[in-house]
Amino acid sequence: MPNTSPTLPRLIALPKAEVHVHLEGTFEPALLEQWAIEARQPMPRPREQLLQFSGLADFLDFLDWACGLAHTPQRLAALARAFCERLQRDGTGYADLIVNPTHWSAWHGRLRQLLDALDAGFREAEQDGLPKVGLCVSLLRTQTAAQAVELVDLLAAWRHPRVVALSVDGNEATAGRTGPRFAEAFRRAGRAGLRRTVHAGESSGADGVRDAVELLGADRIDHGVRAMEDPAVVALLVERGIALGVCPSSNLALGVYPSLDAHPLERLRQAGVRLSLNTDDPSLLGASLPGEYALCADHFGWDDTTVRALAQTSIDASFADADTRAALSARLAAW
Ligand code: ADE
Ligand code: ZN
C-alpha cells in the first residue's frame, strides 16, 4: 500500500492542543548547564550522558535536580514564555501544562508565588499573540493524604485564574496503590470546580486506570495505555468516553514498551478509546508534538481523517475555555 501519511510540515500546520506535558520536562540542557555553573553545582552526570535515563525513577530524580536550579521568579517566567514559544513553533493552539510543586525545592511553602511567577510569563506571552496555557497543579504519588488535601484546599481558596485542574503524577511502581489515599483530595477538587487528570497505566497496570476513574473521578487520564492489559478497563474507558493523553516517545524512552510495534495505542484506538497524542517531557525526552503525530502516522499508516480525529480529541479533551476550543476546532475543520 502506498504511504499516504501526512508530512511533518502539514503536521506542524495541523491545529491541535497538547494536554499531557510537564513544565518540568521543558528544560533545555544548555540552560541547565549554564544555571548549574552559575550556582557552582555539579551536574548529576557527564554532559554526554545527561539525558540518558534508566527509567522513570531516575528521570524523576533528575527533575528534582533541574527544577531546584529555577529559584527566581524571572527564571520561572522565562520557562513559561519559552514553553509558549515552543507551542507556537509546533502549531499547537492551546496546552494544559502540568506543574508539580514537589520538584521545585526553592518554592516549597511558596506555592502562590510559584503560580504567580509562571502566570506572569504566560500572560506576557499571550499578550504577544502566543498560545494560551492552563495549569494542572500536580500531586506526587508518594505524598500523603494530608498533604494532598492541604494542596487542594489552598487551590480551592485561591481559585487562581491560571489553574484549571488537579493532577497526580510520579511513580506508582514505588508508591504502590494510592487511589484510596488521594480520593478525598480529588473529591474536594471536583467540588471546587477544578478538572481532574490522573497519571495511571504507565508505572501501574490496568488497575491503576480503574482507580483513576472510579476513585479519583478522572476527567482525563495521562498515559493510561496499560488499560490494554484488562479488556474490562478498556470497556470502562469507552463507555465513559474518558480520553487518554498518550505519549509514545516518552513510553519508549522510559522503557514502558520496547518498540512502537509493542505499543497498544493503535489497538486502543481501534477499540474505540478516545486518544490524543502528547510529548510528556519534550526537551528532556527529545519529543515534539508534530513529531509524535508524524511518528504514529508513519508507523500505523494513518491517513488525514485519522490524524484529524486525534487532533479533534486533543481539543475536545482539553480544559481550555469554550471559546478557545471552538476557535481551534474551526481552524482544524479548515486544515
Ligand atoms: N513527571 C514527569 N514526567 C512523568 C511521567 N512520565 N510519569 C510520571 N510522572 C512524571
Ligand atoms: Zn506525564
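## The second largest cavity

In this predicted model, the second largest cavity holds about 30 Å³ of space. Its lining is made up of E18, R86, L87, D90, T279, P282, A287, S288 and L289. Sorted by class, these residues are four nonpolar, two polar and three charged. Which helix gives the most to this lining? It is helix α4, residues 73–90, with three residues.

One residue of that lining, E18, also takes part in strand pairing: it stands opposite A95 in β2. The strands β1 and β2 run parallel and are joined by five bridges. Is β1 enclosed or open to the outside? Seven of its seven residues are buried, so β1 is largely enclosed by the rest of the structure.

## The largest cavity

Rolling a probe the size of a water molecule over the atoms shows where empty space is left. In this model, the count comes to two cavities of 30 Å³ or more. The largest cavity contains about 130 Å³ of space.

How many residues line the largest cavity? There are 15, and those that lie nearest its centre are H22, L56, L60, H199 and D281. Helix α3, which covers residues 56–68, gives the most to this lining, with four residues. The classes of the lining residues are five nonpolar, five polar and five charged.

The largest pocket has a volume of about 330 Å³. It is lined by 15 residues, and P101, G109, L111, Q143 and L151 are the ones that lie nearest its centre. Elements that give two or more residues to the lining are α5, β3 (132–140) and α6 (145–158). The largest share, four residues, comes from α6. By class, the lining of the largest pocket has seven nonpolar, six polar and two charged residues.

The second largest pocket has a volume of about 160 Å³. Its lining residues are T26, F27, E28, L31, W35, R75, A78, L79, A82, F83, R86 and R89. Both α2 and α4 supply at least two residues here, and α4 gives the most, with seven. Seven residues of this lining are nonpolar, one is polar and four are charged.

## Aromatic rings

A pair of aromatic rings is described by the distance of the centres and the angle of the planes. The structure holds six aromatic pairs. In one of them, the ring centres of F27 and W35 are 6.2 Å apart and the planes stand at 80 degrees, so the pair is edge-to-face. Both F27 and W35 are buried. F27 also pairs with W104: here the centres are 5.9 Å apart and the planes are at 40 degrees, so this pair is tilted. The pair of F27 and W104 links distant parts of the chain, 77 residues apart. F27 sits in the loop between β1 (16–22) and α2 (29–38), while W104 sits in the loop between β2 (92–99) and α5 (111–127). Like F27, W104 is buried.

Elsewhere, ring pairs link F53, F59, F62 and W65 into a cluster. Two arginines also lie over rings. R110 lies over the face of W107, at 4.3 Å from the ring centre, and R220 lies over the face of F319, at 3.9 Å from the ring centre.

Most residues other than glycine have a negative phi, and most peptide bonds are trans. H223 has a positive phi of about 75 degrees, although it is not a glycine. You can find H223 in strand β6, residues 220–223. Is H223 buried or exposed? Its relative accessibility is 0%, so H223 counts as buried.

D280 also has a positive phi, near 70 degrees. This residue is found in the loop between β8 (275–277) and α13 (282–285). D280 counts as buried because its relative accessibility is 2%, under the 20% limit.

## A buried glutamate

The last stop is E266, in helix α12, residues 265–270. With a relative accessible area of 12%, E266 is buried. How far apart are E266 and V234 in sequence and in space? They are 32 residues apart in sequence and 13 Å apart in space, C-alpha to C-alpha.

Definitions and conventions:
Residues are numbered from 1 along each chain as its sequence is written. Chains are lettered from A and ligands numbered from 1 in the order in which they are written. This is a predicted model: local features need pLDDT of at least 70, side-chain atom pairs count only at pLDDT 80 or more; totals for chains, interfaces and linings use all residues. Side-chain values use heavy atoms; hydrogens and water are left out. On a 1 Å grid over the protein atoms alone, a cavity is a set of points where a 1.4 Å probe fits but cannot get out, and a pocket is an open set with protein on both sides within 12 Å along at least five of seven lines; lining residues have an atom within 4 Å of a point. Grid points are joined across faces, edges and corners, and a volume is the space filled by probe spheres set on the points. Ala, Val, Leu, Ile, Met, Phe, Trp, Tyr, Cys and Pro count as nonpolar, Asp, Glu, Lys and Arg as charged, and the others, Gly among them, as polar. Buried means under 20% relative accessible area, exposed over 50%, partly exposed in between (1.4 Å probe, protein chains only). Rings of Phe, Tyr and Trp (its six-membered ring) pair if their centres lie within 6.5 Å; planes under 30 degrees apart count as stacked, over 60 as edge-to-face and the rest as tilted. A charge sits over a ring if NZ of Lys or CZ of Arg is within 6 Å of the ring centre and within 35 degrees of the ring normal. Two strands pair if DSSP finds at least two bridges between them.
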